[in-house]
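This report describes selected features of one protein model.

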Amino acid sequence: MGYRLTDHDLELLAFLAEHRLALPAHVAALLRTSAAAATTRLNKLVDTGLLKREAPFPGEPHSYQITRTGLAYIGSHLPTPRVDVRAYEHDIGLAWLWLAARGGTFGAVQEITGERRLRSDDGARDHPDAEPVGVRLGGFGPHGRERLHYPDLVLRTADRRRVALELELTPKSRTRLETILAGYGADPRFDGVVYLVQSATVARGVHAAARRVGIPERVHLQRVRMTVSRTASAAARAAERTPPTGQRKRTPEAVR
């Protein structure tokens with residue numbers, strides 16, 4: 001490898017291991033540098049094979065993913081991330097949410113765990129009867145697997161509380177939403193769940209579902225504003241409406 005990695009490079013690789021993708025703007029915020037400097041650093045890591053660069057939408061910034069080689073270099077056992085354009089806006093928002101939590105937006109935190117790591121930890125359980133890290137929803141799904149829900153982020157606060165964060169950009173069905181909230185209500189490991197929403201419709205749906213399942217005091221709503229461009233958002237929605245030939249349409253819930 002002709003390029004010698006710095007501490008900033010290792011920090012960047014660790015960040016990308018936790019996320020499905022990131023933009024230069026994310027890395028600029030992470031490393032407190034300019035977007036141009038972040039892009040230069042990212043492209044050097046692409047040249048080494050530790051990252052790969054994609055152009056998911058015409059006219060939009062490149063997105064970057066860690067490769068299998070990159071994961072091995074930092075000793076991460078997480079799977080190689082796979083990007084679905086139908087979840088593009090959500091994945092971009094989730095990286096910003098992680099950075100916001102790291103920066104103290106939600107108060108002092110001791111630990112931030114993302115959905116990718118939660119799923120990986122459950123997949124690595126030594127025994128099927130071991131307690132899952134996901135939220136139990138009751139019953140079993142495809143292939144006889146226990147139905148679980150994974151928060152977008154889990155925060156361990158400085159006062160030892162465990163709080164789930166849900167970036168809810170699109171409305172879920174009433175049944176699905178109530179099932180997830182009932183799972184949180186029955187799980188004593190969570191002290192609360194924060195739903196971050198950008199529309200009043202989604203906010204009203206979450207609030208009403210929390211009241212119906214009897215946990216309004218444990219569910220908190222916070223408005224957010226996404227900055228993904230209209231071009232990318234429209235293309236992602238079009239991809240969601242038009243599944244690949246020969247495949248069943250996957251709902252946003254399935255993509256999540």
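## Helix α8

The expected span of a helix is 1.5 Å times one less than its number of residues. The model described here is a predicted one. Helix α8 covers residues 200-212, and its 13 residues should therefore span 18 Å. The C-alpha atoms at its ends lie 18 Å apart, which agrees with that expectation.

Six residues of α8 are named as buried: V202, A203, V206, A208, A209 and A210. What do the buried residues of α8 pack against? Their partners are β7 (162-168), α7 (174-185), β8 (192-197) and β9 (219-223). Just after α8 comes G214, which has a positive phi of about 80 degrees.

## V197 in strand β8

V197 belongs to strand β8. Is V197 buried or exposed? The relative accessible area of V197 is 0%, so V197 is buried; the cut-off for burial is under 20%.

With neighbours within four places in sequence left aside, V197 is in contact with E168, V202, A203, L221, Q222, R223 and V224. Two of these, V202 and A203, are among the buried residues of α8. E168 is 29 residues from V197 in sequence, yet the C-alpha atoms of E168 and V197 are 5.2 Å apart in space.

## Aromatic pairs

The structure contains 3 aromatic pairs. One of them joins F15 and W98: the ring centres are 5.3 Å apart and the planes meet at 65 degrees, so the pair is edge-to-face. F15 is in helix α1 (residues 7-17) and W98 in helix α5 (residues 88-102), so this pair ties together parts that are 83 residues apart in sequence. F15 counts as buried because its relative accessibility is 2%. W98 also counts as buried, at 14%.

Y184 and F190 form another edge-to-face pair, with 5.4 Å from centre to centre and 85 degrees between the planes. Both of these residues are buried. The face of F190 also has R162 lying over it, at 4.5 Å from the ring centre.

In soluble globular proteins, nonpolar side chains tend to be buried together. The largest nonpolar core in this model has 36 residues, and the members that touch the most others are L12, L51 and L165. At least two residues of this core come from each of α1, α2 (24-31), α3 (35-47), β2 (63-66), α5, β6 (153-157), β7 and β8. Which element gives the most to this core? That element is α5, with 6 residues.

Not counting residues up to four places away in sequence, L51 touches L12, L13, L16, L42, L45, V46, Q65, I66 and T67. A second core of 21 residues is separate and includes A164, I180, V202 and V206. V202 and V206 are also among the buried residues of α8.

Strand β4 (residues 135-140) pairs with strand β5 (residues 146-149) in the antiparallel sense, over 3 bridges. Within this pairing, R136 stands opposite L148 in β5.

How many residues lie between β4 and β5 in the hairpin? There are 5 residues between the two strands, and H143 in the turn has a positive phi of about 65 degrees.

Definitions and conventions. Residues numbered from 1 in each chain as written. Predicted model: local features only at pLDDT ≥ 70, side-chain atom pairs only at ≥ 80, totals over all residues. Heavy atoms only, no water. Pairing = 2+ DSSP bridges. Helix = DSSP H or I, 4+ residues; strand = E, 2+ residues; numbered from the N terminus. Buried < 20%, exposed > 50% of the residue type's maximum accessible area, 1.4 Å probe, protein only. Contact = heavy atoms within 4.5 Å. Phe/Tyr/Trp six-rings, centres within 6.5 Å; stacked < 30°, edge-to-face > 60°. Lys NZ or Arg CZ within 6 Å of the ring centre and 35° of its normal. Core = buried A, V, L, I, M, F, W, Y, C linked by side-chain atoms within 4.5 Å.
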